[in-house]
Every structure is written in C-alpha cells, then in structure tokens.
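Colleague: Could you walk me through how to read the packing in this one? I would like the general idea each time, and then the case at hand.

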Amino acid sequence: MKFLHLVWAGLKRKKLRTVLTFLSVMVAFMLFAFLGSIKAAFTGGVELAGQDRLMLRHKISFIMTLPQSYYARIKGMEGVKAVCHNTWFGGVYQDKPENMIFTCPVVPEDLFEMFPEFIIKPEEKQAFQNTRIGAIVGRKSAARFGWKIGDRIPLKSAIWGQPSGMEQWEFEIVGIYDGAKKATDTTGFYFRYDYFEEARQRDKGMVGWYSIKISDPDRAAEIAAKIDDEFANSPYETKTEAEAAFVQGFANQIGDIGAITMAVVGAVFFTILIVAGNTMGQSVRERTEELGVLKAIGFTNSRVLILVLLESCLLAILGGFAGLGLAWLIVETMEPPQMLPTVYMPKPTLVAGALFALALGVVAGIIPAWQAMRLQIAEALRRGG
Amino acid sequence: MSDSRKTLVQIDRVTRTFMRGSEKIEVLAGLDLEVKEAEFLALMGPSGSGKSTLLNLIGGLDRPSSGSVQIGADRVDQLSDTQLAHWRARHIGFVFQFYNLLPALTAERNVELPLLLTHLSKADRRKHVASALDAVGLSHRVKAFPRTLSGGEQQRVGIARAIVTDPTVLLCDEPTGDLDRKSGDEILTLLQSLNKDHGKTIIMVTHDPHASARATRTVHLDKGQLSDKPVD
Amino acid sequence: MSTFRQIIAVALFNLRSIPERLGSALTAAIGIAGVVGVLVGVLAIAEGFRASLVNSASPEVAIVLREGAENEMASGLARDVTRMIADAPGIARNASGALASAELFVIINLPKRSTNTDANVPLRGIQQTAYDVRGNIKIEQGRPFEPGKNEVIVGAGAVRSFAGLDLGSEVKMGQVTWKVVGVFSAAGGVAESEIWADADVLAPAYNRSDGFQSVAVRLESKDKFQEFEDALTADPRLTVKTQLQADFYAEQSKMMTTFITTIGFFIASLMAVGALFGALNTMYSAVAGRTREISTLRALGFGRGPVVVSILVESVVLSLAGGAIGALAAYLLFDGYRASTMNFSSFSQVTFAFSVTPMLLLMAIMFATLIGLVGGILPAIRAARLPIASGLRES
C-alpha cells in the first residue's frame with residue numbers, strides 16, 4: 001500500500017508517545033492472553049473430554065467407593081465398548097505434602113483402551129503388563145521429579161495407609177507417556193490394580209469411579225440413564241454422566257472463573273481503550289495543520305478518515321500482537337503453578353486477542369478520525385498564518 | 001494590450017460573508033477578476049482585506065456565498081467536497097507562508113504526496129519527484145527532514161510539491177512572508193522562472209512590494225473590492 | 001523566594017492548569033483507578049478466603065486427627081481412641097462431661113446455585129458437645145437437630161450457595177431422606193459452609209461404622225494446649241496429630257490462598273506496568289505541552305529543583321486521585337460480595353465473602369502513589385533540563 005509510509009510517519013512523529021502507548025497496549029494484551037490460559041487450564045478439560053466417554057461415580061458423593069464387581073455388569077451392557085475403573089490413591093513423594101501426585105491403580109489393558117490420548121511406546125506398554133509393581137508416569141510429573149525408566153520410586157498414600165508388609169508403596173517406573181494434544185494431562189502416575197488390591201489393608205474389592213467408553217456418543221444420555229437404572233435401589237447407587245459434564249462441574253466448583261476472568265479483562269480493556277483513545281486524540285489535535293495541508297493537496301475527507309484509523313489500528317495491532325506473542329512465549333517456556341496441571345495458550349484466545357486488537361484500533365481511533373474528516377481546510381490552515 | 005491567451009480563471013460577482021457570532025462580516029463584496037494563462041498575478045492589500053479568502057475560493061478550499069468561480073472549464077463553486085478534492089489534486093498547487101511540510105517525512109516524500117493521489121507507478125512517481133526537486137535546485141537534499149533544512153530550502157520543497165503534478169494554477173499565500181530578504185529573493189526568482197520559462201500561471205498573495213514587483217500584473221484588494229490602484 | 005515556596009508556587013501553577021489538559025489528566029487518573037480497582041478486587045478474594053478460614057478459629061479449640069493424615073477425610077479414629085482423647089488433661093468440662101466432639105467428615109453432591117452444576121458440600125457428623133466446643137454457633141432459623149433422627153442443620157453460607165438446603169427441605173442420600181430443621185451461623189467461619197448431622201446416624205449411611213475421623217476439643221484455656229498435646233503424644237495407644245484450630249485451618253487453605261494471592265499480584269503487577277506507561281505518556285505530554293511556560297518560569301528565576309518537584313507533585317496528585325477512585329469503586333463493588341470456591345485440601349466447597357480491609361485500601365493508595373512517582377520522575381527531569389532560550393521560542 002503506497003499510503004503505508006504516511007501512516008507510519010504519523011506514528012513516528014512523537015516516537016516516545018508512540019512507544020509508550022505501544023507498551024501499554026502490549027501489556028494489556030499480555031494480561032488478556034495469560035487470563036485466557038488460566039481459564040483454559042481450569043476449564044479446558046471440558047473440550048478435551050472424550051466425546052465417547054462417560055464417568056460413573058457413587059450417587060451420593062464422588063469420594064465414596066463402589067464395588068469392583070460392577071465392572072463385569074457395566075461391560076456387559078448394551079452400547080458399552082470398554083470399562084476402566086480408577087481409584088483415588090493420593091500418592092505423596094518423599095513425604096512432602098507439596099509433592100502430591102495424581103496416583104491411580106488401574107488394569108493396564110483397560111487404561112490404554114479407554115485413554116488413547118496417552119501415547120506410550122509398545123515395549124513400555126508390555127513392560128507395564130509384565131511387571132507387578134510397574135508404574136507408568138506422565139511426562140510432566142516425570143520431568144518434575146527427574147524420574148527415568150528403571151527408577152525405583154516409593155510413595156506414601158494419603159488415604160490408604162501402609163501396604164501390608166511394607167513401610168511405603170514401592171513402584172518401578174517402566175514407562176513414560178506423552179499426551180496426544182498439548183493440553184492432555186501428563187501429570188498422572190498409574191500402577192497396577194492387582195498389586196493395589198493385594199497390598200491394601202482395608203476396603204478390599206472397592207474402587208473409586210468408572211470410566212466408560214460407549215459406541216455412540218449421540219446416545220450418551222440414554223446409555224448413562226440405563227446404567228444408573230441398573231444400579232438403582234442397590235446399596236451402591238450410581239450417577240453416570242458424560243465426561244465433559246463431569247469436568248465442567250468440577251471446574252465450576254473452583255468458582256465462576258469465567259466470570260472473574262471476564263470482569264478483569266473487561267476492566268483492563270476499558271482502561272487501555274481510554275489510554276489509546278486519548279493518545280490518538282492528542283495526536284490528531286496536534287496535526288490539524290498537516291491534515292489541512294493534505295486536504296488542500298487533494299486528499300478527500302474520507303481518505304483522511306481512513307489514514308487516521310489506519311494509524312490507530314496499526315499501533316493497536318502491533319502492540320496487541322506483541323503482547324499476545326510475548327505471553328505465548330512465556331507460557332510455553334515457564335513452569336506452571338502447582339495447582340494447574342496444564343497451562344497452555346488456547347488458539348481461541350489468540351484469535352480473540354487479534355480481533356480485539358483490531359477492534360481497539362478502530363474504537364480508539366474513530367472519534368479522532370471523525371474529527372479529522374470534518375476538519376475545515378481554511379480553518380486548519382489559518383492557524384499557521 | 002490585446003491578449004490572445006486563454007482566460008484561465010474567471011471570477012464573477014463573487015461575495016463571501018462570514019458569521020462571527022451573530023454578526024455578519026462581508027469579506028468579499030462583489031468581486032470580478034480575470035486571470036489569463038501564464039500570468040503571474042500579485043494580490044495585494046492591507047491585513048484583513050480578504051486576500052487569503054479570495055485565494056481560498058480560487059483554490060477550491062472554500063465556496064463563495066454568491067457568484068461564480070470558474071477555472072478552465074470547471075465551475076468550482078458548484079462541485080461537491082469530494083469532487084473538489086479530486087479537482088484540486090489535478091489542477092492546483094499550493095505554496096504556504098509557513099511551508100506546511102509534514103515534519104515526519106523527508107523532502108522527497110513530502111514532494112511525493114500529491115502524486116499518491118494519482119495512478120502513477122512507484123517508478124514514475126520517483127521520476128517526477130526527482131525532476132521537481134531538480135527544478136527547485138534541491139537534488140542534493142532529497143532525503144533530508146524539514147527540521148534540518150533552512151527556511152528558504154523548506155519553501156523550495158514546498159514549491160516542488162506544488163509543481164510536481166504539473167497543475168493548472170499555482171497559488172501562493174505570502175510565500176516569502178517568513179523568509180529573510182536574501183532567501184525571499186531566491187524564491188521569487190524561482191517563481192518568476194517557473195512563470196517565464198515554463199509558462200506556469202501563478203497567483204500570489206503578498207503585502208511586500210518587492211514581491212509584487214516580480215509579478216506581471218498586480219491588483220489591490222481593499223474592503224472586499226478589487227482595483228488596479230494601490231490603497232493609501 | 002525560598003526553595004520551598006518556589007515549589008509550592010510552581011506546583012500550584014501546574015495543578016491549576018490541569019483543567020486545560022483535562023483529557024490527558026483524566027486518562028492517567030482512570031488508568032490508575034483501573035489498576036487499583038482490580039488489585040483491590042483480586043486481593044479481596046484472597047483476604048476473604050483466608051479470613052473465613054482463619055479469623056473464625058478460636059485459640060481455645062484444638063483438632064485431633066490420625067497421625068499423617070493431611071485432612072479429615074484421610075484420617076480415621078476408632079471409637080475407643082476418641083474416648084481416650086476425651087479423657088486427656090487440659091480439656092474444658094461442663095456438667096455432662098468433657099467438651100470433646102468426635103466427628104465424621106464426608107461430602108455430599110449438591111447443585112451450586114450460581115452454575116447449576118454439582119459441587120462437593122462438606123457434611124459433618126457431630127456429637128452434641130460440638131456446639132459448646134466451638135462456642136460461636138448460633139441457630140439463626142429453626143432448631144438444632146434431634147440426636148438419633150435423620151435431621152440436619154445447615155450453615156448460613158451453605159444455604160446461600162447451594163440449592164435444596166432451605167429450611168424445611170429434604171435431602172436425599174441413597175435410600176435415606178434427611179430433613180433440614182435449622183440454619184446456623186458460626187461467626188462467618190468455615191463451619192457456615194457445612195451441613196451438620198448426628199455422627200451416629202450419619203456413619204452407617206456412609207458405610208463408616210468403624211469410627212470417626214477427628215476429635216474437636218475445647219481447652220480449659222489457651223495455655224492448656226501444650227499440656228493437652230503432650231499428653232496425647234506420650235500415650236502409647238494413640239498415634240495422633242494435634243493442632244490448634246487456627247493452625248489447622250491455615251494449613252488447609254494454604255494452597256488456595258497462595259494460588260489466589262500469587263495470581264492476584266501477577267495480574268496487578270502487569271496492570272501496574274501498563275498504568276505506568278500510561279502515566280509516563282501523560283506526564284511527558286504535560287511537560288511537552290508546557291515547554292514555554294516552564295521556560296518562562298525559569299527565565300523569571302525559578303530554580304531547577306522546584307520545577308522537578310512540582311511536576312512530581314502533579315503526577316502524584318493525579319495518581320492519588322485515580323487511586324482513591326479505584327479504591328472506593330472496589331470497596332463499593334466488592335466488599336461483602338459472597339462467593340464460594342473449592343478447598344483443594346478436602347475437595348469441598350468453602351463459602352466466603354470478598355473482604356476489602358483498611359489495610360488493603362492503604363496498600364492500594366501507596367501503590368498508586370508509587371506509580372505517580374515513578375511515572376513522573378523522568379518527565380520531571382526532562383522539564384528541568386530544557387534549555388531556557390529555545391523553550392521560550394516554542395509555540
């Protein structure tokens with residue numbers, strides 16, 4: 001565009017002011033991006049939840065256990081492809097509460113069939129099936145503690161006490177799994193149910209919750225209802241729902257993260273809008289003569305409007321993209337806080353950010369641009385002489 | 001003196017009235033003026049006599065309250081704002097008292113401005129800019145910013161910008177008003193040469209007799225009326 | 001004219017000219033108001049969360065769990081163990097015996113009113129001594145439940161946040177239906193997020209007939225804690241962990257409080273940097289727009305120092321104004337706002353209120369002042385270094 005240098009010249013007029021405004025916009029968009037990442041960390045599980053997976057838990061409360069015997073009954077039901085039970089173990093490493101890991105005893109074949117998003121080498125899969133005290137660890141937890149394949153790791157359980165005959169629960173790491181997607185949780189520690197069942201000293205035969213894979217995602221509600229019917233009026237009633245619904249509910253418990261995020265982002269954007277708008281306004285006011293000259297030369301009113309708008313948008317987009325990019329870089333390279341297993345920059349946040357940057361440019365520049373458009377040439381030039 | 005040259009500017013019974021608050025001020029009160037091709041006309045008059053207003057009307061920067069302004073074949077007083085903008089780009093070149101260069105652009109970029117409104121290619125634009133700057137004797141300073149140029153040099157850039165599209169009329173509003181005698185004379189010499197050697201039609205507003213001496217014709221404006229005689 | 005009076009004179013001059021530059025001045029003030037408002041809001045969450053957990057703790061109440069248990073859910077104390085604990089020295093006593101309550105802690109799923117999805121609500125099985133142990137329980141509506149019956153009382157916070165707990169409603173757990181017969185308050189503390197029932201009736205419903213999870217005791221006086229703890233540690237039959245209620249709560253809330261505070265400060269810092277750029281912008285503009293005035297003052301004899309200080313004064317005044325607006329807005333909007341979130345230690349809900357304390361407001365004001373100072377110092381120095389002669393010529 002041949003007019004680009006003209007737009008750029010407008011920004012270069014007062015370099016310091018342009019730079020400071022650019023930095024303000026950049027910071028605002030960094031904040032926007034970070035908040036988007038935090039929100040995604042809390043609620044992102046919803047999008048990742050398997051479309052064809054259900055969660056089954058004790059009807060009264062998630063913390064109550066269910067009989068392992070339900071496994072066979074669920075598997076035999078129509079529409080059910082696979083079943084995997086999980087139990088909350090509460091593993092703690094080196095007896096430090098901050099070293100709590102999501103630990104879960106499972107039946108290896110069931111785990112791999114239920115969660116294809118866990119990527120693991122075939123020989124490590126085999127090792128897991130062959131080693132009684134074997135365990136597979138997610139890449140993130142392995143990196144956090146510096147564990148490698150072959151390491152002997154002892155863990156204490158916050159809930160299950162000591163295993164029979166031992167001080168602590170002993171495991172051998174036989175595999176490390178990665179996530180199929182950026183946001184897949186790789187903080188888990190999975191070991192074998194048979195070892196767990198044999199060594200635990202109470203509640204034998206009970207498990208925590210069931211993951212269920214169904215043949216037809218569209219029939220999720222129907223199949224869930226049928227499963228709950230099967231166990232209604234028994235000593236252990238169940239509640240089955242789509243995995244996404246369960247994850248959403250869990251996130252909602254943390255709080256209306258969405259609303260708080262929106263509120264903060266709204267406040268930030270409103271503030272930055274005022275700052276940018278004022279900058280543009282000042283800039284145009286100072287250039288009354290120059291704009292008059294452009295019009296005298298033959299630039300139409302609408303052309304002048306567009307020039308001012310372009311200037312505002314260019315500044316906003318440069319600042320916005322810089323902020324989004326910088327935030328992305330930080331999120332990719334930094335350690336996330338302990339409470340959030342996966343922190344990443346979701347694409348929708350980046351896209352929304354780009355659009356907001358453009359919108360910011362337009363809204364901040366519209367009034368000054370309008371004023372520039374309506375400038376009377378004779379008035380504008382009169383000031384010079 | 002019989003004149004076979006074409007009439008370029010025709011102004012008939014033009015009035016221009018301004019409202020200041022509730023007061024009506026008649027700056028131009030029924031003016032007639034004819035300017036021929038290749039004339040170098042000086043418009044003189046005391047401060048407030050309406051010289052700049054008349055210049056603005058000729059240049060399509062303003063519209064008369066009544067009467068007609070015709071430049072070439074165009075009735076300028078009847079064009080819309082947008083039409084006027086397009087018309088000005090093709091037909092008028094302005095030279096201002098305070099140069100009015102864009103400070104963030106180099107000399108050559110300043111001169112290029114009117115060409116951005118044409119469909120010329122980048123290469124063609126560059127050629128025109130180079131020759132315009134050469135015509136005013138500033139080929140060695142094309143990449144300089146206005147703040148590094150002297151007053152006289154800045155005005156020359158202004159003139160280069162005004163002639164780069166080869167306009168029909170050059171309108172100058174007190175072009176030497178902010179310059180010292182020596183620089184002012186250089187500018188006037190330049191304008192004269194554009195008029196004599198290149199046949200450019202120039203209308204110049206000035207209060208300086210030295211400047212008007214260089215013109216081919218002088219008219220005087222007083223209380224909104226034109227005459228050939230100076231005002232005492 | 002003395003330096004001090006020069007400063008006052010120039011500062012007043014600067015401030016009086018603000019109405020001419022209203023646009024920029026308002027921008028800077030609003031920018032800072034925004035930063036302060038958000039900072040106070042987010043920190044009010046952390047403060048409120050902490051307050052609900054810690055402020056309601058009594059220095060005369062102690063909690064006993066099984067040794068090594070991170071929280072009540074992970075703990076298990078057999079019935080006879082709880083009796084042994086109740087016999088320990090240092091416990092206050094009344095006519096019916098030791099003020100010790102053996103308790104059960106479980107979770108029930110109920111829909112959260114704000115999102116309509118299920119949340120984990122804490123359900124506590126108590127003994128009749130629980131009221132006197134805690135000392136700050138008041139029945140606001142209805143009556144306490146009768147022991148032996150399927151009746152519950154609910155905390156004021158729980159009733160507000162979760163559906164289905166209003167006085168008179170029925171809560172179904174498995175085969176059993178419980179009736180809500182009362183609503184209680186607990187001086188704004190954690191207990192208000194809970195539902196209380198008779199431990200002996202609750203245990204079988206949750207398959208826990210083998211015992212309790214914690215014992216809450218009221219000490220004779222706060223100095224008796226050490227004696228109490230030592231007695232339990234010395235007893236070979238017991239492997240327990242004893243804490244003052246305040247310490248117990250602090251430990252429980254640590255993760256969440258740290259998280260919120262960290263995020264809050266992170267957001268606020270980022271916003272502060274942004275506001276700083278905005279303030280710099282404003283002040284540089286202010287200086288640039290008044291070059292001639294400043295040069296005139298200097299030509300008249302005003303010294304460099306007073307010029308610098310006066311610009312700083314202007315910057316600080318603008319920032320303070322913005323900070324005050326932001327703090328006031330935050331107070332009006334946020335103080336007392338009720339919310340609930342998850343206590344990551346027990347995976348159950350804790351209700352709390354945003355708390356805008358005077359300390360917080362003070363911090364906010366100081367923050368704003370700091371931004372004003374930092375944002376004004378460079379422009380002030382630039383103003384003072386303007387060469388007088390060229391400054392006079394500028395239009």
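Modeller: Happy to! Let us start with the chains: of the two pairs of chains that touch, chains A and C have the most contacts. Keep in mind throughout that this is a predicted model.

Colleague: How far apart are the closest C-alpha atoms of chain B and chain C?

Modeller: They lie 14 Å apart, and no contact joins chain B and chain C.

Colleague: Next, domains. Which residues make up the two domains of chain A?

Modeller: A domain may be written as more than one stretch of sequence, as domain 1 of chain A is here: 4-45 + 255-384. Domain 2 of chain A covers 88-201. Their C-alpha centres are 48 Å apart.

Colleague: And how is chain C divided?

Modeller: The assignment for chain C gives domain 1 as 3-54 + 253-392 and domain 2 as 68-238. Taken over C-alpha atoms, the centres of these two domains of chain C are separated by 47 Å. The contact between them draws eleven residues from domain 1 of chain C and 19 residues from domain 2 of chain C.

Colleague: Now helix pairs, please. At what angle do α2 and α14 of chain A cross?

Modeller: Angles over 145 degrees count as roughly antiparallel. In chain A, helix α2 (residues 15-43) and helix α14 (residues 347-374) have axes that come within 10 Å and cross at roughly 150°. α2(A) and α14(A) are therefore roughly antiparallel to each other. The crossing of α2(A) past α14(A) is right-handed.

Colleague: Which residues make that contact between α2(A) and α14(A)?

Modeller: From α2(A) come V25(A), F29(A), F32(A), A33(A) and G36(A), while α14(A) supplies T349(A), A352(A), G353(A), F356(A), A357(A) and L360(A). Sorted by class, the contact of α2(A) with α14(A) has eight nonpolar and three polar residues, with no charged residues.

Colleague: What does the pair α1 and α13 of chain A look like, in angle and in distance between the axes?

Modeller: Angles from 65 to 115 degrees count as roughly perpendicular. Helix α1 (residues 4-12) and helix α13 (residues 301-333) of chain A pack at about 70°, their axes 9 Å apart, so α1(A) is roughly perpendicular to α13(A). Here α1(A) passes α13(A) in a right-handed crossing. On one side of the contact are L6(A), V7(A), W8(A), G10(A) and L11(A) of α1(A); they meet L307(A), L310(A), E311(A), L314(A), L315(A) and L318(A) of α13(A). By class, the contact of α1(A) with α13(A) has nine nonpolar residues, one polar and one charged.

Colleague: What about helices α5 and α6 of chain B: how close do their axes come?

Modeller: The axes of α5 (residues 151-163) and α6 (residues 181-198) of chain B come within 9 Å and cross at roughly 20°. Angles under 35 degrees count as roughly parallel, so α5(B) is roughly parallel to α6(B). The crossing of α5(B) and α6(B) is right-handed. Among the residues in the contact are R156(B) and I159(B) of α5(B), together with E186(B) and L190(B) of α6(B). By class, the contact of α5(B) with α6(B) has six nonpolar, three polar and two charged residues.

Colleague: On to sheets. In what order do the four strands of the chain A sheet stand?

Modeller: In chain A the order is β3-β12-β1-β13, with antiparallel pairing. β3 (80-86) and β13 (238-242) of chain A each have a single partner strand, so one side of each is left without a neighbour in the sheet. From one strand to the next, the twist averages 25°. Helix α9 (residues 220-231) of chain A packs on this sheet, touching β1, β3, β12 and β13 of chain A, and its direction makes about 170° with that of β13(A).

Colleague: Which residue is the bridge partner of R53(A) in β12(A)?

Modeller: That is K213(A). Strands β1 (residues 53-58) and β12 (residues 209-214) of chain A pair in the antiparallel sense over four bridges.

Colleague: And which strands stand at the edges of the chain B sheet?

Modeller: The order in that open sheet of chain B is β2-β1-β4-β5, with antiparallel pairing. Its edge strands are β2 (23-36) and β5 (74-75) of chain B, each pairing on one side only. Eleven bridges join β1 (residues 7-20) of chain B to β2(B), and R16(B) has L28(B) as its bridge partner in β2(B). Helix α1 (residues 51-58) of chain B lies across β1, β2 and β4 (66-71) of chain B, running at about 125° to β1(B).

Definitions and conventions: Residues are numbered from 1 along each chain as its sequence is written. Chains are lettered from A and ligands numbered from 1 in the order in which they are written. This is a predicted model: local features need pLDDT of at least 70, side-chain atom pairs count only at pLDDT 80 or more; totals for chains, interfaces and linings use all residues. Side-chain values use heavy atoms; hydrogens and water are left out. Axes are lines fitted to C-alpha atoms, for helices over the stretch in contact, and angles run from 0 to 180 degrees between N-to-C directions. Helices (H or I, at least four residues) and strands (E, at least two) are DSSP runs, numbered from the N terminus. A crossing is left-handed if the near helix is turned anticlockwise from the far one by less than a right angle, and right-handed if clockwise. Contact means heavy atoms within 4.5 Å. Ala, Val, Leu, Ile, Met, Phe, Trp, Tyr, Cys and Pro count as nonpolar, Asp, Glu, Lys and Arg as charged, and the others, Gly among them, as polar. Two strands pair if DSSP finds at least two bridges between them. Domain bounds come from an automatic or database domain assignment.
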